[in-house]
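We will go from stop to stop, with something to pick at each one.

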Amino acid sequence: GQCNAKACTSAISTSGKNRHWQQALGILETMQKSELVLDVIAYNAAISACEKGGEWKNSLQLLNVMESNQVESTAVTVSAVMSACCKGGDWEMALRFFNVMAQSKVESSRFSFSTAINSCEKAGQWEMAVQLFGAMPSGKVEPGTIDFTVMMRACKKCSKWQRAWQLYSGIAQDKLELDTIAFNAAISAYENSDSWQKALLLISKMAQSSVELSTISLSAGISACEKCGEWETALLLLSVMSKCKVDLDTITFNAAISACAKSSEWERALDLFKAIVQRELASDTIAFNAAISACGGGSKWEHALQLHCLME
């Protein structure tokens, strides 16, 4: 009987990995009918199968069954239910389970912390996300690169770039190795701020850390420069992208053209617009308007008129 229980639990786990949650629940039901011992491992496997299949309601139901059968849940159990709630879009429920975990004897895991932080980011609760991130060490969990990335996204979403820099400074002190995705998220947090120097410093750190520069990171840096009218720095970053053979897209050129437009650098704006055409990139209204604005600012109305005709 015990051997059969182990075999069934293994089958539930395999079904979950293949995203066959119905099959997993069917095996669990067979175990119940056969009066096999259902332990926390079997329930965890079934809940995990539901989580992978996006069946958060079934995950909650299984958790209730566990409690009624007096099977004690673990961090794996609660984390899987939290993740299922996240996938189902119920961020509040996920956070509620995390709070229950914190108040109970169940020890929080990195996955449970990460899931809770991700829930806060999705719900726009950046302050709570920061609190959870800061509480990880006291919970004997070291923050990971993914946690930092999610925090940066949360800060960007709520325009809290100052907090983003504080978090980055703390991570730098902890010597956490950041990858391209993490750096991209951090740089993007400054994209709509007036702190273009911070964005440049992060790009410099990327290069020093031998992390591959990407279109996202450099475009975000150019966009940060554009917001402050730092056209020379924006063009410098554009040059770096070309030298490093990083893909240039329309959005990148748009930001650079807008940076030139703010300083009435109409000749450079036109050169950039011509580069869009030469590269056969899809020029859009933003690029046209920025180039026209640059010409207007430089009192070069004849060039602005020519561009306007092209738009027509």
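Before the first selection, a word on axes: they are lines fitted to C-alpha atoms, for helices over the stretch in contact, and the angles between their N-to-C directions run from 0 to 180 degrees. Helices (H or I, at least four residues) and strands (E, at least two) are DSSP runs, numbered from the N terminus. What you have on screen is a predicted model, in which local features need pLDDT of at least 70 and side-chain atom pairs count only at pLDDT 80 or more, while totals for chains, interfaces and linings use all residues. Residues are numbered from 1 along each chain as its sequence is written, and side-chain values use heavy atoms, with hydrogens and water left out.

**The whole view**

Start zoomed out. The protein has 18 helices and 0 strands. Colour by relative accessible area if you can: buried means under 20%, exposed over 50%, and partly exposed in between, using a 1.4 Å probe and protein chains only. Of the 312 residues, 47% count as buried. Contact here means heavy atoms within 4.5 Å. Among contacts between residues at least 6 apart in sequence, 61% join residues at least 24 apart.

**Stop one: H6 against H7**

Select residues 91-103 for helix H6 and 110-123 for helix H7. Their axes come within 9 Å and cross at roughly 145°. The crossing is left-handed, a label given if the near helix is turned anticlockwise from the far one by less than a right angle, with right-handed used if clockwise. Now show side chains: from H6, Trp-91, Ala-94, Leu-95, Phe-98 and Met-101 meet Ser-112, Phe-113, Ala-116, Ser-119, Cys-120, Lys-122 and Ala-123 of H7. The residues of this contact divide into 9 nonpolar, 2 polar and 1 charged. In that count Ala, Val, Leu, Ile, Met, Phe, Trp, Tyr, Cys and Pro are nonpolar, Asp, Glu, Lys and Arg are charged, and the others, Gly among them, are polar.

**Stop two: H9**

Next, select residues 145-157, helix H9.

Lys-157 is partly exposed, with a relative accessible area of 48%. Leaving aside neighbours within four places in sequence, Lys-157 is in contact with Glu-121 and Lys-122. Draw a C-alpha to C-alpha distance from Lys-157 to Gly-124: the two are 7.1 Å apart in space and 33 residues apart in sequence. Just after H9, Ser-159 takes a positive phi of about 55°.

**Stop three: a buried asparagine**

Select Asn-184 in helix H11 (residues 180-188). Asn-184 is buried, at 8% relative accessible area. Which residues is Asn-184 in contact with, leaving aside its neighbours within four places in sequence? Show Met-206, Ser-214, Ile-216 and Ser-217 to see them.

**Stop four: two loops with positive phi**

Ser-210 sits in the loop between helix H12 (196-208) and helix H13 (215-227). Ser-210 has a positive phi of about 60° although it is not a glycine, and at 68% relative accessibility Ser-210 counts as exposed. Then move to Lys-245, in the loop between helix H14 (231-243) and helix H15 (250-262). Phi of Lys-245 is near 60°, again positive in a residue other than glycine, and Lys-245 is exposed at 75%.

**Last stop: salt bridges**

Side chains of opposite charge can pair when their charged atoms come close. A salt bridge is a side-chain nitrogen of Lys or Arg within 4 Å of a carboxyl oxygen of Asp or Glu.

- Glu-29 and Lys-33: N to O is 3.4 Å. Both lie in helix H2 (residues 21-33), and because they are 4 residues apart, about one helical turn separates them. Glu-29 is partly exposed at 40%, whereas Lys-33 is exposed at 66%.
- Glu-226 and Lys-227: N to O is 3.1 Å. Glu-226 is buried at 12%, while Lys-227 is partly exposed at 35%.
- Glu-265 and Arg-268: the closest N and O atoms are 2.8 Å apart. Arg-268 is partly exposed at 36%.

Terms used:
Expected span 1.5 Å × (residues − 1).
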